[in-house]
Amino acid sequence: MMHNQKQAFISYEANEWFKRNKSKLLNYKPEDDKINSLINSYKLNPEAVLEIGCSAGYRLNALQQQYPLSKVVGVEPSDDAINFGKQNYPKVSFIKTTADQMDMLSDKSF
């Protein structure tokens, strides 16, 4: 059985966070993203990127555009965020789950 706090988050807050922050995410600029900058500064060329708590996948989409051979996968509990992401970022793969339940991913796959 799911822990009460986690169930409350998934039932109430996951979609609400996306709704509150969607307008900010629409103004996302990859060049201002600290994570993207870090990947670029280390001159990495990632084969696969996993983002836990990816929202709609805006960052993963930017990374996939920069590294088109990369597989990008996001873990996200919000149905609203995933639905938006699937419509707007078709090259991003989404897994609807939370960080504590990622058994579907094989070891060392990222």
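Asp 79 forms a salt bridge with Lys 96, and the closest N and O atoms of the two lie 3.7 Å apart. This pair links distant parts of the chain, since Asp 79 belongs to helix α4 (residues 79–88) and Lys 96 to strand β3 (residues 93–96), 17 residues apart. The structure is a predicted model.

Q: Are Asp 79 and Lys 96 buried, partly exposed or exposed?
A: Asp 79 has a relative accessible area of 37%, while Lys 96 has a relative accessible area of 46%. Buried would require under 20% and exposed over 50%, with partly exposed in between. Because their values fall in that range, Asp 79 and Lys 96 are both partly exposed.

Q: Which residue meets the side chain of Asp 33 in a salt bridge, at 2.8 Å from N to O?
A: Asp 33 lies in the loop between α1 and α2, and its partner sits in helix α3, 26 residues apart from it, so that the pair links distant parts of the chain. Both residues of the pair are buried. The side chain that meets Asp 33 is that of Arg 59.

Q: Why is Tyr 42 called exposed?
A: Tyr 42 lies in the loop between α2 (34–41) and β1 (48–52), and together with Leu 38 and Leu 44 it forms a nonpolar patch on the surface, with about 340 Å² of accessible area in all. A residue counts as exposed over 50% relative accessible area. Tyr 42 is therefore exposed, as its relative accessible area is 60%.

Q: Which element gives the most residues to the lining of the largest pocket?
A: The largest pocket has a volume of about 200 Å³ and is lined by 16 residues, with Phe 9, Gly 53, Cys 54, Glu 76 and Pro 77 nearest its centre. By class, the lining has nine nonpolar, four polar and three charged residues. Four elements, α1 (4–25), β1, α3 (58–66) and β2 (71–76), each supply at least two residues. The element that gives the most, with three residues, is α1.

Notes:
Residues numbered from 1 in each chain as written. Predicted model: local features only at pLDDT ≥ 70, side-chain atom pairs only at ≥ 80, totals over all residues. Heavy atoms only, no water. Patch = residues over 30% accessible without salt bridge, like charges linked within 9 Å, V, L, I, M, F, W, Y side chains within 5 Å. Areas by Shrake-Rupley, 256 points an atom, 1.4 Å probe, with all protein chains shown as cover. Salt bridge = Lys/Arg side-chain N within 4 Å of Asp/Glu carboxyl O. Buried < 20%, exposed > 50% of the residue type's maximum accessible area, 1.4 Å probe, protein only. 1 Å grid on protein atoms, 1.4 Å probe; cavity = no way out; pocket = protein on both sides within 12 Å on 5 of 7 lines; lining within 4 Å. Points joined across faces, edges and corners; volume = space filled by probe spheres on them. Nonpolar A, V, L, I, M, F, W, Y, C, P; charged D, E, K, R; others polar.
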